[in-house]
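I am opening this notebook to keep a record of what I look up in the model, entry by entry. The sequence and structure come next.

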Amino acid sequence: MALMQAPGGPSPGQTCALILIFTVLLQALCVAVTYVYFTNELKQFAETDCQGLMSGQQRGSVLPP
């Protein structure tokens, strides 16, 4: 059984290329969102960690209180 294609429709190669481009763009968007999220989390972690070190309240610190 052969697939019947409507005249004037996109070819299978064009469809495959569009799907590939869409998936690559979607992946790039996900990577960008993940990068922004973890960059902000790392900044917050570094700020709270530094504040804990400065006040001497961090548990397991190698610096004497």
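In which helix is Leu-26 found? I find Leu-26 in helix H1, which covers residues 12-55, where helices are DSSP runs of H or I with at least four residues, strands are E runs of at least two, and numbering starts from the N terminus.

Before going on, I note that this is a predicted model, in which local features need pLDDT of at least 70 and side-chain atom pairs count only at pLDDT 80 or more, while totals for chains, interfaces and linings use all residues. Residues are numbered from 1 along each chain as its sequence is written, and side-chain values use heavy atoms, with hydrogens and water left out.

Entry on the whole chain. I looked up the secondary structure and found 1 helix and 0 strands. Buried residues (under 20% relative accessible area, with exposed over 50% and partly exposed in between, for a 1.4 Å probe and protein chains only) make up 2% of the 65 residues. The accessible surface, from the Shrake-Rupley method with a 1.4 Å probe, comes to about 6,300 Å², and 71% of that belongs to carbon and sulfur atoms.

Entry on the annotation. An unreviewed UniProt entry lists residues 17-38 as "transmembrane region", and I keep in mind that such annotations may be inferred rather than shown by experiment. In the model, residues 17-38 are 100% helix and 0% strand, with the end C-alpha atoms 32 Å apart.

I found a nonpolar patch of about 410 Å² made by Phe-22, Leu-26, Leu-29 and Val-33; patch residues have over 30% relative accessible area and no salt bridge, and nonpolar side chains are joined within 5 Å. Leu-26 itself is partly exposed, at a relative accessible area of 43%.

Entry on aromatic rings. My search of the whole structure gave 1 aromatic pair, a pair needing ring centres within 6.5 Å. The rings of Tyr-37 and Phe-38 have centres 5.1 Å apart and planes at 75 degrees, so I log the pair as edge-to-face, the class for planes over 60 degrees apart. Tyr-37 is partly exposed at 46% relative accessibility, whereas Phe-38 is exposed at 52%.

Entry on cysteines. I found 0 disulfides, a disulfide being a pair of cysteine sulfur atoms within 2.5 Å. Cys-16 is exposed at 52% relative accessibility, and Cys-30 is partly exposed at 44%.

How values were computed
Patches are made of residues with over 30% relative accessible area and no salt bridge: like charges are joined within 9 Å, nonpolar side chains (Val, Leu, Ile, Met, Phe, Trp, Tyr) within 5 Å. A salt bridge is a side-chain nitrogen of Lys or Arg within 4 Å of a carboxyl oxygen of Asp or Glu. Rings of Phe, Tyr and Trp (its six-membered ring) pair if their centres lie within 6.5 Å; planes under 30 degrees apart count as stacked, over 60 as edge-to-face and the rest as tilted.
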